[in-house]
Every structure is written in structure tokens, then in C-alpha cells.
Amino acid sequence: MNSQAYSGKGRPKKHGSKFKLNESTTWSDAESVLELDDPKLQRVRVSLWKNLHFRKAAARPMLLLRVERLDAQGNERVSKPLWLAWVGEEMPPLEEVWCLYLRRFTVDHWYRFLKQRLHWTAPKLSTPKQCERWSDLMPLMTWELWLARDIVTDNPLPWQKSQGNLTRSLSCSSYGRSFRRHWYSSPSTQTSRKVPWLGTRKKASP
């Protein structure tokens with residue numbers, strides 16, 4: 001929805017005419033239209049609408065983008081276009097902003113890696129400051145695993161194939177064992193504290 005100018009009578013309108021993505025008859029004229037050639041996607045057309053908002057968030061304006069893949073004649077090559085919304089600070093140039101979505105696949109897998117392998121959401125921290133500090137450590141640990149992929153040895157599970165070029169996930173599973181064997185092993189290190197009465201208790205139990 002976009003807002004309309006105030007007529008001077010009654011309460012100003014919060015909402016303007018409807019803008020439905022699946023009904024082209026409700027679309028107003030785009031503020032900007034850009035066509036460019038992408039090395040991977042070939043011909044692309046990007047359309048931009050401004051000053052739109054959701055019905056339940058009238059005070060939060062957003063920008064709406066429509067990305068279409070075209071053939072050599074300029075006709076739509078993919079039946080379903082890509083719709084993107086921008087909310088927040090100043091948007092990057094139109095020829096750059098739509099490319100950011102191409103990184104979504106990598107970013108989504110990165111968040112899953114943080115949650116499942118690096119236990120991002122597992123700690124029960126007490127203060128927001130501690131949560132921020134813990135979250136700041138996540139990218140550092142990710143890059144540490146990525147940079148260490150050449151100095152760790154692959155440690156596949158019995159049903160996995162050995163690989164030479166390790167990813168962050170494979171480096172994570174091999175990281176601890178390689179570093180423990182080469183760097184942290186020490187024959188003089190005491191790994192457990194002796195409790196005098198523990199042996200007596202074990203002997204007494206049936």
C-alpha cells in the first residue's frame with residue numbers, strides 16, 4: 001500500500017491504494033526501471049517502487065523491487081519474478097542492491113552452521129552484553145575454521161568419503177582432534193582430580 005496526499009478534511013489517511021503482487025492491475029508506475037546484463041543471469045530488469053508499507057505497519061515505509069530475467073528479445077524468460085523489499089537505512093544503488101539476494105543461500109547455511117555446529121543459541125546468558133559478545137565470536141570462529149582447513153586432517157565418519165578440500169563444517173569435525181594431537185597433548189598433564197574415598201566407595205558397592 002502507498003499513502004495518498006492529505007485532502008485537508010478529517011483524519012489523514014493511513015493507507016492508500018492496494019498493491020498486490022499477484023495482480024498487475026493494482027501496480028502503480030515504477031519509480032525507476034533498470035535493465036542490465038548479468039554474467040550468470042544474463043538480461044535482468046529491475047523495477048523499483050517507493051513509499052509502500054504493510055497494513056499493520058503504516059509507520060514503516062519500505063521500498064519494493066521486482067527482478068525479472070529476460071531473453072534476448074526483452075521478453076520475460078522466467079514465469080515468476082523475484083520480489084524484494086528494503087526497510088531501513090539508505091538503500092544501495094539499484095544496480096547493486098538486487099545482487100545481495102544472491103548471497104542468501106550461503107548466508108542461510110552459515111546461520112544453520114552457527115546454530116548446529118558452533119552452538120550459537122545454546123548458552124543461557126544473563127545480560128544482553130554477554131549475548132552480543134557471544135554473537136561477535138561466531139564470525140571469528142567461522143573464519144578460524146576456514147583458515148585452518150589446510151592444516152587439519154580430514155576425519156570422516158565411517159559412512160563418509162574422505163575429502164581433500166575441507167569446508168567449514170568438515171574442518172570443525174577435524175579441528176579438535178588435529179589440534180589436540182599436535183598442539184595440546186602433554187604426558188604430564190593431569191586430566192582428572194583424585195578423590196581418596198572414591199576407590200573405597202566403588203569397592204563397597206556390589
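A contact here means heavy atoms within 4.5 Å of each other. Among the contacts in this protein between residues at least 6 apart in sequence, 38% join residues at least 24 apart.

Before going on, some ground rules. This is a predicted model, where local features need pLDDT of at least 70 and side-chain atom pairs count only at pLDDT 80 or more, while totals for chains, interfaces and linings use all residues. Residues are numbered from 1 along each chain as its sequence is written, and side-chain values use heavy atoms, with hydrogens and water left out.

**The overall layout**

The protein has 5 helices and 4 strands; helices (H or I, at least four residues) and strands (E, at least two) are DSSP runs, numbered from the N terminus. Read from that end, the elements go β-β-β-β-α-α-α-α-α. Of the 206 residues, 21% are buried, where buried means under 20% relative accessible area, exposed means over 50%, and partly exposed is in between (1.4 Å probe, protein chains only).

The 4 strands make an open sheet in the order S1-S2-S3-S4, with antiparallel pairing. Strands S1 (32-38) and S4 (82-86) stand at the edges with a single partner strand each, so one side of each has no neighbour in the sheet. From one strand to the next, the twist averages 25 degrees (axes are lines fitted to C-alpha atoms, and angles run from 0 to 180 degrees between N-to-C directions). Two strands pair if DSSP finds at least two bridges between them, and S1 is joined to S2 (residues 42-52) by 7. Glutamate 35 has arginine 45 in S2 as its bridge partner.

**Salt bridges**

Side chains of opposite charge can pair when their charged atoms come close. A salt bridge is counted when a side-chain nitrogen of Lys or Arg lies within 4 Å of a carboxyl oxygen of Asp or Glu, which gives 7 salt bridges here. Three of them are included below.

| Salt bridge | N to O distance |
|---|---|
| Lysine 20 and glutamate 23 | 3.9 Å |
| Arginine 43 and glutamate 35 | 3.3 Å |
| Arginine 66 and glutamate 68 | 2.7 Å |

Lysine 20 is partly exposed at 34% relative accessibility, and glutamate 23 is partly exposed at 33%. Arginine 43 is partly exposed too, at 27%, as is glutamate 35, at 36%. Salt bridges also link Glu35, Asp37, Arg43, Arg45, Arg66 and Glu68 in a network.
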